[in-house]
Amino acid sequence: MTTARDGKVVLEVKNLHTYFFNRWGTVKAVDGISFTLREGETLGIVGESGCGKTMTSLSLLRLHPKPASRIIEGEVILDGEDILRRPERDMREIRGHKISMILQDPQTSLNPVYTIGNQLVETLGLKKGSHGNLKNEAEKSLRKVRVAAPERRLEDFPHQMSGGMKQRVVGAIAMACEPMVIIADEPTTALDVTIQLQYLRLLKDIQAETGLSIIFITHDFGIVARMCDRVAVMYAGRFVEEGSVRDIFNNPSHPYTEALIGSVPKVEERVERLYQIEGQPPALYDLPVGCRFESRCRYAKSKCAEEYPPYFEVNEHHKAACWRLDPSWETLPSSSK
Ligand SMILES: Nc1ncnc2c1ncn2[C@@H]1O[C@H](COP(=O)(O)OP(=O)(O)O)[C@@H](O)[C@H]1O
Ligand SMILES: [Mg+2]
């Protein structure tokens with residue numbers, strides 16, 4: 001196991017906001033996200049579809065859709081430096097070398113008209129101080145993700161490979177230049193269950209070998225339990241709770257987390273049991289002033305609709321934004337609804 005809690009901080013995100021501006025108004029896809037990530041640590045970001053997980057990851061690489069969306073505020077301090085202050089042309093150096101991303105669907109990350117070898121060599125060619133035989137390096141990258149007979153695989157086109165194999169190749173490309181941080185955005189949703197588990201184990205093995213830090217994005221709390229050291233629960237553009245996996249599972253302190261955990265499907269089951277929480281998240285262009293979960297919350301009191309809750313500490317490493325954690329909660333009047 002990693003001793004991630006003591007590791008060096010490799011990424012610090014402060015108060016990140018990424019908004020879309022369109023004819024309906026302002027869509028607050030990422031609305032004030034802060035967290036730190038240490039060397040060798042895996043942070044899970046979990047939440048329902050549409051809550052801003054992908055926009056958060058894209059923003060960290062400055063790959064959010066432009067000009068439709070803009071990072072309007074915040075800092076992304078990677079390896080000691082705020083990359084939001086760097087000119088766009090520097091980002092090509094930073095992406096892949098310091099921070100990299102594995103997307104949900106390998107189909108969209110691999111180019112169908114080039115061989116796997118070509119695509120790896122292209123990435124490796126960007127590697128600083130790369131010399132010698134890029135083909136050998138490409139083979140090495142494939143071996144790292146446990147692709148058998150890599151010398152032959154280099155000649156394959158993406159359509160000649162299985163889904164699981166393709167996702168490994170995507171992983172190989174993302175890790176080819178040895179980034180410090182990798183963001184895996186629901187990397188296994190397109191795979192069947194056995195292949196999913198193999199892939200997750202592979203990522204953990206590579207992390208143990210290299211000290212890689214991982215941001216693991218999923219809507220599945222079952223996967224969080226297997227993969228992560230810490231979890232951030234995201235709802236309507238914000239983190240509503242954050243803590244160690246153990247604390248979050250043993251003592252979920254935000255009603256949304258509680259509901260998500262209550263509906264965890266077993267990884268072995270294929271049934272979609274996850275989103276049984278009644279109601280809908282609020283529209284991100286028309287957010288309420290109070291707690292964004294209030295309309296779906298069975299504990300809500302009037303205060304919850306009136307004012308957005310600050311973070312309350314559950315313990316030193318565990319916090320949640322819920323008025324129920326306010327010492328005066330019991331004395332507050334119940335909801336007028
Ligand atoms: N191209 C777009 N134009 C306008 N809004 C968008 C666009 N893409 C995403 N969004 C908004 O950003 C929100 C967050 O999306 P996303 O980060 O993809 O969610 P998640 O990954 O959690 O499912 C969506 O709910 C949507 O409102
Ligand atoms: Mg997404």
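Predicted model: local features only at pLDDT ≥ 70, side-chain atom pairs only at ≥ 80, totals over all residues.
**The whole protein.** Begin with every residue displayed in cartoon form. The protein contains 12 helices and 12 strands. Its radius of gyration is 21 Å, close to the 20 Å that the globule rule gives for 337 residues, so the protein is as compact as a globular protein of that length. Viewed along the principal axes, the C-alpha atoms fill a box of roughly 70 × 45 × 40 Å. Of the 337 residues, 43% are buried. Among contacts between residues at least 6 apart in sequence, 65% join residues at least 24 apart.

**The two domains.** Next, colour residues 4–98 together with 179–282 as domain 1, and residues 110–178 as domain 2. The C-alpha centres of these domains are 25 Å apart.

**Where the domains meet.** Now select the boundary, where 12 residues of domain 1 are in contact with 13 residues of domain 2. On the domain 1 side, α2 (91–97) and α8 (193–210) each supply at least two of the touching residues. Helix α8 gives the most to this side, with five residues. By residue class, the domain 1 side that touches domain 2 comprises nine nonpolar residues, three polar and no charged.

**Helix α11.** Finally, select residues 255–262, which form helix α11. Show the side chains of P255, Y256, T257, E258 and L260, which are buried.

Definitions and conventions. Residues numbered from 1 in each chain as written. Chains lettered and ligands numbered in written order. Buried ≥ 20, exposed ≤ 12 C-beta atoms within 10 Å, placed from the backbone. Helix = DSSP H or I, 4+ residues; strand = E, 2+ residues; numbered from the N terminus. Domains from an automatic or database assignment. Contact = placed C-beta atoms within 7 Å. Nonpolar A, V, L, I, M, F, W, Y, C, P; charged D, E, K, R; others polar. Rg over C-alpha atoms; globule rule 2.2 N^0.38 Å.
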